[in-house]
Amino acid sequence: DQFTNYCLDAAIFTHGAVTTFDPYFGDILDATGFIIAMFLFSFIVGFASLFVIRTCAKVFVWVTLLGTVAVVAATGYVMWDNRQSLATQFGQSEQTFAICGYIFWTIAALLALIVLCSFKSINLACAMLKTAALFLQDVKSAMVLPIISTIIQLATMVFFGVMLSFVASIGLQQDSQPDEGDEKGVCLFPGSDQPDPFCVQWASDSRFVPYAVIFTVFMYFWTALLFQAVSKFTTAYMVGEWYFAPVDYHGEKQLPGGNTFCDCKLLVRGICRGITHHLGSFAFGSLLVAICRTIQFLLSWAKRKEKASGNACTACILRIMLCIVTCIERFIAFVSEQAYIQIALLGRGFCTSAKAGFGLAVRHPIRFAIISRVGFVLGVVGCFLTTGTTALVSWLLLTKVNLPEPFIYGKLASPTAPFAVSTFLALLVGEVMFHPYTMCAKTIVHCFTADEEMSHSAGRAGATHTPQPLQKFVEDHCDK
């Protein structure tokens, strides 16, 4: 079989073994009704998980923060209590591990002090996380965006994967290694007579191919990050429209569409506005991050190569350089994300928006830190609840209940395949429903902070466009 410029024998992937998946496909077809039912059930579980997070966000936040302090303190205690055995195991003095234990205790004490001194900011972050869950319940079309983004990202990955295969295979030829191959000098798989197609080298006249490979990798990063920027902008745009939308006499937000999965007017408007008005800003922000990621890619490749060669000094220098570039990449990615949110809210250019967004983060570091970390944790928890609950129910039904038609037709050879498909679909549903959660929470921080600062400038006590979960916080603290 030919793949791009490369001819492959499909048998090399199984070393000549024949694998059949017919029984598994048969079980999946027989359990189609069951799989569809569990797919719909996973949506119910997803909305229930959103309700749980909205109701218990404060508990999750405090458990996460106090748990972090407890883990750090426990780590210090373990190092101090086991200093003798650790010193023997690693060849260090007992005093070294005792000092490490004291350092961990000091860090735990500082974290506990920061948590206690940030009580108001933490409660505000809890209210914002609840507001993010309320947004996803109100604007259901926001959950369609991850589906679109996933399809585009997969298509991008496949396209550049094929392009990279074409580019990397230009001028390739079989690398002859008589010591590891057969009598003809052809590389073989270890312990097999099958030729290894990956034992290759570039021809001497293909010196420009590595540069073409690097350029292809860079273009992949740039394109994928550009699509991510459009996705983040669209989510932020929808959150901003929802946050500042007027409320009718029923207490409902008056939105221009987006209240159902099928009503995607607000979603389409956000995508179109981003592409037609701010594509240059997205391209510039994604370009900066793509440059850093390409350098990371090259340094990681060089580090592995030097590690294999045994040059410890060069490997250490490469690790230091990789650490520095990684820090720069994370900083630029953070600033770019804040810029995309400000672009969605104010419609300004990238540099102006980056300055405004970074200024907000500097003025309110506790809010941004808690929302970023705990929002991510809650998104993972919600995805885990959706996937885990659906998987548990699927396994119990498949193994403990004699399901009738139309759920199951005939007798299954094994419940493994229907269970795996149901769990995978539940994972997709959980990812679709909770993927926008962190970005929603970050945008709400921007909205609330801007609302608060505008209200203070106008002489009012607190933010005026507060959704219901934030109203109680404002009422309790605006005069304090």
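Is S281 buried or exposed, and at what relative accessibility?

A: S281 counts as buried, at 13% relative accessibility; buried means under 20% relative accessible area, exposed over 50%, and partly exposed in between (1.4 Å probe, protein chains only). The model is a predicted one, in which local features need pLDDT of at least 70, side-chain atom pairs count only at pLDDT 80 or more, and totals for chains, interfaces and linings use all residues. Residues are numbered from 1 along each chain as its sequence is written, and side-chain values use heavy atoms, with hydrogens and water left out.

S281 belongs to helix 9, which spans residues 279-309; helices (H or I, at least four residues) and strands (E, at least two) are DSSP runs, numbered from the N terminus. Leaving aside neighbours within four places in sequence, S281 is in contact with Y340, I343, G349 and F350, where contact means heavy atoms within 4.5 Å.

A salt bridge is a side-chain nitrogen of Lys or Arg within 4 Å of a carboxyl oxygen of Asp or Glu. E329 is in helix 10, and the pair links distant parts of the chain, 36 residues apart. E329 is buried at 7% relative accessibility, whereas R293 is partly exposed, with a relative accessible area of 29%.

Helix 10 takes part in a further pairing. The side chains of K232 and E337 meet in a salt bridge of 3.4 Å, N to O. Because K232 lies in helix 7 (residues 209-243) and E337 in helix 10 (residues 312-346), this pair ties together parts that are 105 residues apart in sequence. K232 is partly exposed, with a relative accessible area of 25%, while E337 is buried, at 10%. A network of salt bridges links K232, E337 and K442.

R269 lies in helix 8 (residues 265-277), so the pair ties together parts 28 residues apart in sequence. R269 is partly exposed, with a relative accessible area of 36%, and E241 counts as partly exposed at 28%. The structure holds 4 salt bridges.

A nonpolar core is a set of buried Ala, Val, Leu, Ile, Met, Phe, Trp, Tyr and Cys residues joined through side-chain atoms within 4.5 Å. The largest such core has 65 residues, and V61, I122 and L129 are among those with the most contacts inside it. Apart from it lies another core, of 11 residues, among them V209, V217, A290 and I332.

For the protein chain as a whole, there are 15 helices and 4 strands, and 40% of the 480 residues count as buried. The mean pLDDT is 79, and 79% of the residues reach 70 or more; pLDDT is the predictor's confidence in each residue, from 0 to 100. Over residues 177-186 the pLDDT is below 50, although this stretch has 13 contacts in the model beyond near neighbours in sequence. Where pLDDT is low, the predicted coordinates should not be read in detail.
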